[in-house]
Amino acid sequence: MRKGWLRDYILKRLLYSLIIAWGILTVTFILVRVGPSSPADKYLANIAARGQDPSQVIAAIEARYGLDKPVLQQYGEYIFNLLRGNWGWSLSTSMPVIELIKHHWIYSFQLILLSSLFAAIIGILIGIYSAVKQYTKADYAFTFLSFIGISIPNFWLGVMLILVFSVKLGLFKTYYDTTLPLFSLANLKALTLPVITLGTGMLAAYVRYTRSAMLDNLRKPFVTTARAKGLPEHIVIGKHVFRNALLPLVTIIMFDLGSIVFGGAYLTEIVFGIPGLGQVSFNAIFANDYPVVVAITLIGTLVVLLVNLVTDIAYTYLDPRIRYE
Amino acid sequence: MKKKAAIIACAALAVICLVSGGVYLARTAGVKAPGEIKVKGIFIEGQSGGDAETLNWILAADATSFSYVGHTLDSLATYDNDFNIQLRCLAKDIEVSPDGLVYTLTIRDDLRWSNGSPVTAEDYVYTLKNLMFSDWLNYPYKGDWQEEVNGEKVFVTPEVVNETTFTITRKTVYPEFVYTLYDLTPYPKYIAQKYEGDAEAFMRAPEFNNLSYTGNLGPYRFKEWNRNDRFVVERNPDYYLGKDVGAPYFEQYIIKLFGTSATRQAALEAGDITYTSIEPEQVIKFKGLRHIKVYTVPTSGYTILAYNQRANGWEGLKHKEVRQALSMAINKYGITQNILLGFAEPAFSFIPKVSPWYTEEGIVKYGVDALYDKQKAAEILYQLGYGVRQADGSIKVTDKDGKLLQLVLVVNVGSKPAEDMAFFIRKELLSLGIETEIKLVPWPTLLRGYVMNAVPGSKQEPAYNNGPEAVSQERWDFILMGFGTDPLAPSGSHVFFTTDGGLNFMGFSNPKVDELFARAKSKEALDKTVRQQVYAQLSRLLSEEQPVNFLAFHRANRGFQKNVMGIEPGVNMGYNYHLWYFE
C-alpha cells in the first residue's frame with residue numbers, strides 16, 4: 001500500500017521535474033543569447049594588441065559557432081541535438097560539452113561529498129553534545145567557535161590555510177594535484193585543506209541547527225516519558241530525541257547540498273586550483289560559452305530537483321506519519 | 001721599431017683578451033656550456049589569466065592559445081631582448097624586393113612532421129591559401145593578410161618556389177608586413193586536406209586538438225591539457241634547434257592555472273612552482289626570499305585615460321587645449337610611484353621606450369615636472385571659458401555657463417591598480433573644481449555600453465568606431481583602460497588614433513595624424529630613416545594632441561626559483577627558454 005502511493009508520487013514528481021528542467025533550459029538559452037555579450041568579447045584586448053578590426057574578428061567567431069543565426073533556429077537545433085545526446089561544443093575550451101562535464105564533475109563531486117560528510121558528521125556530533133551539555137563551558141566554547149565558523153568567508157579561510165599549512169609549515173601542496181589517483185591516501189591528503197575550507201561554514205551551521213533542534217525535542221513530554229520508563233540516556237538521546245531532530249536537519253543538509261552544487265564550491269575550487277564544475281561554469285559564464293552555461297544550468301537544475309525528491313522521500317522514512325497525496 | 005710595435009700590439013691583445021675574457025666570464029658566471037647541461041626536472045609556470053581556448057590555433061583569437069601551441073610549434077622567427085631577429089624555422093632572414101612588394105621566405109630543410117615527412121614550402125602556402133584565406137574556416141585574423149586595393153580588400157598572394165622557398169606578393173607596400181610573416185606557423189597539408197571545406201570536422205580534428213602533428217618543430221611535445229587546470233608538454237628530443245646542444249633541458253614544461261594571484265604567488269614561495277609573475281606590492285617580499293630571483297622587465301603595455309570627443313562627452317574635450325590642461329593636472333609620478341609602486345614609468349606618447357622607434361626628442365611631457373601644474377591648467381581652462389574666478393583669486397573650473405562641472409570616469413571593475421588610478425584622477429580633478437563620478441563596470445558592460453557606438457536613430461550595428469556622428473549607449477567623459485603598442489610595428493596603433501581606426505572609440509580626429517600613419521605604412525617608409533622620422537613626428541604630435549592622456553608604461557616582475565639558469569632578463573625574456581635549465 002505504502003509502496004503504491006510513493007511510486008505514483010515519485011513518477012508525478014519526475015514528470016514535473018522534466019517540465020521544470022525544460023522551462024529553465026529554455027529561459028537560460030534565450031537569456032544568454034539575447035543578452036548584450038558575445039563570446040568574442042574576451043578577445044578584444046588581443047584584437048587591439050594586434051591592431052585588428054574587432055567587428056571582423058567578432059563576426060568570424062560568431063559565424064563559426066552559428067551564433068549569427070536567428071535565436072529560434074539556434075534553439076530548435078540545440079533541442080534537436082540535445083535529444084540525440086549531443087550537448088554541443090564548448091566555445092571556450094574547444095571540446096564537446098558532455099566530455100568537458102564528464103571530465104570535471106568528479107573533482108566537484110569528491111570535494112562536495114567529503115565536505116558535506118565532514119560538516120554533517122562533526123557538526124551534528126558537536127551539536128548533540130552542546131545541546132546535552134547546555135550552558136556548560138564546552139557549550140559556550142562550541143557556540144563561540146560556530147559563530148566564527150559561520151562568519152569566516154571561504155575565500156579568506158582557504159588562503160590563510162594555504163599560507164599557514166602549505167607555505168609556512170610545508171605540510172600540504174599549495175594547490176590540488178589532479179594527477180593523484182582518485183582512491184588514494186595522497187588524494188585524501190590533498191583534499192584536506194579544501195574540505196576544511198568548504199566544510200567549515202556548513203559545519204558551524206550544523207552545530208547551531210542540531211543544538212537548536214535537539215533542545216526543542218529535549219523539552220518535549222515524550223523525552224520525560226522515556227526517561228521515566230528508565231531508558232538509558234544514550235537511548236533517549238540517540239533514538240528518541242535525535243531521530244525527531246533529524247527532520248529539519250535533513251532539510252537543511254539537502255538544501256546546502258543543492259546550493260553548493262550550484263556554485264558554493266566555486267570559491268574553494270578557485271583558491272585550491274581544483275578544476276571542478278564550479279570553475280567550469282563560472283569560466284563559461286565569463287567567456288559567454290553558451291553551450292556550457294546552458295548544460296550546467298540544466299544539470300544543476302536536475303540535481304536540485306533530485307535532491308528535493310530524495311529529501312521528500314527521506315521524510316517518509318524518518319517520520320512514517322508523513323504521506324504525500 | 002717593429003719589435004716595439006709588436007710588443008705593444010701583443011700587450012694590447014693580451015689586455016683585450018683579459019678584458020673580454022673577464023667580461024665573458026662575468027656574463028656567463030655560473031652558466032654552463034651546452035654539453036655540460038643535464039636534462040632534468042619539471043618546469044612549472046603559474047598563470048592566473050584564464051585558460052586557452054583551443055590548441056587548433058587557426059581557430060583561436062586569444063593570446064593564451066597561441067602561447068600554449070608555441071611550446072610545440074616554432075614560428076618562422078622571433079626576437080631577443082634587443083629586438084634582434086632570431087631565426088627559428090627560417091633558414092635565413094626574409095628577403096624583401098627593392099619595391100617592397102615581394103617577400104621571399106626560405107625555411108630550414110630539417111623540419112619534420114610527426115610522420116617523418118618534411119615540412120615544405122607547400123605546407124606554408126597551403127596553410128595560407130586554403131585555410132587562413134578560406135571562407136569556410138573563418139580565421140579570425142584574416143585582416144593581417146589583406147590589403148586594400150582600389151577600395152577592395154584582397155589577400156596577398158603566396159606561391160611555392162621550391163621545396164623550401166616560397167614567396168608572398170603584395171600589391172601595396174607595407175614595410176611592417178615582415179613582422180606578420182615572422183609569426184607564421186604551418187598546418188600539415190597531408191592532414192588538413194582531409195578536413196578541407198568542413199569547418200566542424202576541422203574544429204574537432206583530433207590531430208589538431210592534440211597537437212599530434214608537430215614533429216620536431218618545437219622544443220616540447222604535447223602531453224596533456226586538463227582544462228582550467230594544467231597544460232603539459234614534454235621534452236622533444238628531436239627538436240631541430242636542440243640536436244647540437246641537447247636542448248631543451250627540462251623533462252616537462254607545465255603551465256599550471258591558478259584562480260587568484262595570491263595562491264599563485266604562495267605556490268612560488270612554497271616552491272610548488274618554478275616561475276610566475278609577481279604583483280608590485282609583493283616584489284619586496286619576494287626579493288627578500290633566498291630561493292627566489294625576481295627580474296623586473298619592461299613591457300609594451302600602457303594605461304591611458306581616454307577623452308570622449310564624441311557628441312555625448314563633455315564638449316570641452318573636443319578642444320586640444322582642454323585635453324592638454326586636464327593632462328597637466330594629473331600627476332603621472334603619483335600614479336607610477338604611489339599606485340604602481342615604481343614598476344612603471346610615465347608615458348607621454350604611444351611608442352614604448354623599449355621600441356627601436358622610440359624617441360624623446362620634442363615629446364611634450366604632460367603630467368610631470370613643469371607640465372604638472374594645476375594652477376596653470378586651471379588658468380588655461382579659465383582662459384578658454386571653462387571657469388570662474390573666486391573671491392580669493394583662485395579659479396574654479398566649470399562648464400561654459402559657470403555651473404559645476406560633473407564628469408563621468410568609467411573603469412573596468414576588478415583591477416585594483418586601475419581602480420586606485422581612477423580615484424587618484426578624481427582627486428586630482430577635484431582640486432580644479434571638477435567633480436568626477438567613477439563608474440566601476442564589468443568588462444562586457446564597458447564594451448557594450450561605453451566603448452561601442454552607433455549613429456543615433458540609424459540601424460547601425462554598434463561597433464568600436466562607427467564614424468564621427470556615432471555615440472555610445474551610455475554617456476561618458478573618461479575611460480581608464482590598457483592599450484598596447486607593438487614595439488617593432490607601431491603603425492598597428494593606427495586603429496586607436498586615426499579618424500577611421502577600428503578602435504578609435506574616443507572619436508579623435510586629426511588629418512596630420514592620419515597622414516603620418518599612412519606614411520608609416522607607405523613605400524617611403526621602406527627606408528628606415530624615413531620611418532624613424534615619421535614615428536618621431538607621430539610621437540610628438542600625439543603627445544601634444546592628447547587624444548588620450550598617456551599615463552604609464554608598465555614594468556613586469558617575473559619571479560623564478562633561483563636554480564633556474566640561462567635566463568636573459570628583458571622585454572622578450574622567453575625567446576631562448578629552450579636553453580634554460582636547472583642548476
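**Notebook: domains, a helix pair and a chain contact**

I started with chain A, where the domain assignment gives domain 1 (39-86) and domain 2 (98-318). I note here that the model is predicted. Next I looked up how far apart the two centres are: taken over C-alpha atoms, 39 Å separate domain 1 of chain A from domain 2 of chain A.

Then I moved to a helix pair in chain B. I picked helix H10 (residues 320-328) and helix H12 (residues 374-383) of chain B, which pack at an angle of about 160 degrees with their axes 8 Å apart. Do they run roughly parallel or roughly antiparallel? Angles over 145 degrees count as roughly antiparallel, so H10(B) and H12(B) are roughly antiparallel to each other. I also wrote down that their crossing is left-handed.

Who makes the contact? From H10(B) I listed B:Glu321, B:Val322, B:Ala325, B:Leu326 and B:Met328, and from H12(B) B:Lys376, B:Ala377, B:Ile380 and B:Leu381. Sorted by class, the residues of this H10(B)–H12(B) contact come out as seven nonpolar, two charged and no polar.

Last, I checked where the chains meet. I found 44 residues of chain B in contact with 43 residues of chain A. On the side of chain B that touches chain A, at least two residues each come from strand E12 (252-257), helix H8 (261-270), helix H14 (443-451) and strand E22 (478-484). Which element gives the largest share of that side? H8(B) does, with six residues. By class, I noted 20 nonpolar, 15 polar and nine charged residues on the side of chain B that touches chain A.

Notes: Residues numbered from 1 in each chain as written. Chains lettered and ligands numbered in written order. Predicted model: local features only at pLDDT ≥ 70, side-chain atom pairs only at ≥ 80, totals over all residues. Domains from an automatic or database assignment. Axes fitted to C-alpha atoms, helices over the stretch in contact; angles between N-to-C directions. Helix = DSSP H or I, 4+ residues; strand = E, 2+ residues; numbered from the N terminus. Parallel < 35°, antiparallel > 145°, perpendicular 65-115°, else oblique. Left-handed = near helix turned anticlockwise from the far one by under 90°. Contact = placed C-beta atoms within 7 Å. Nonpolar A, V, L, I, M, F, W, Y, C, P; charged D, E, K, R; others polar.
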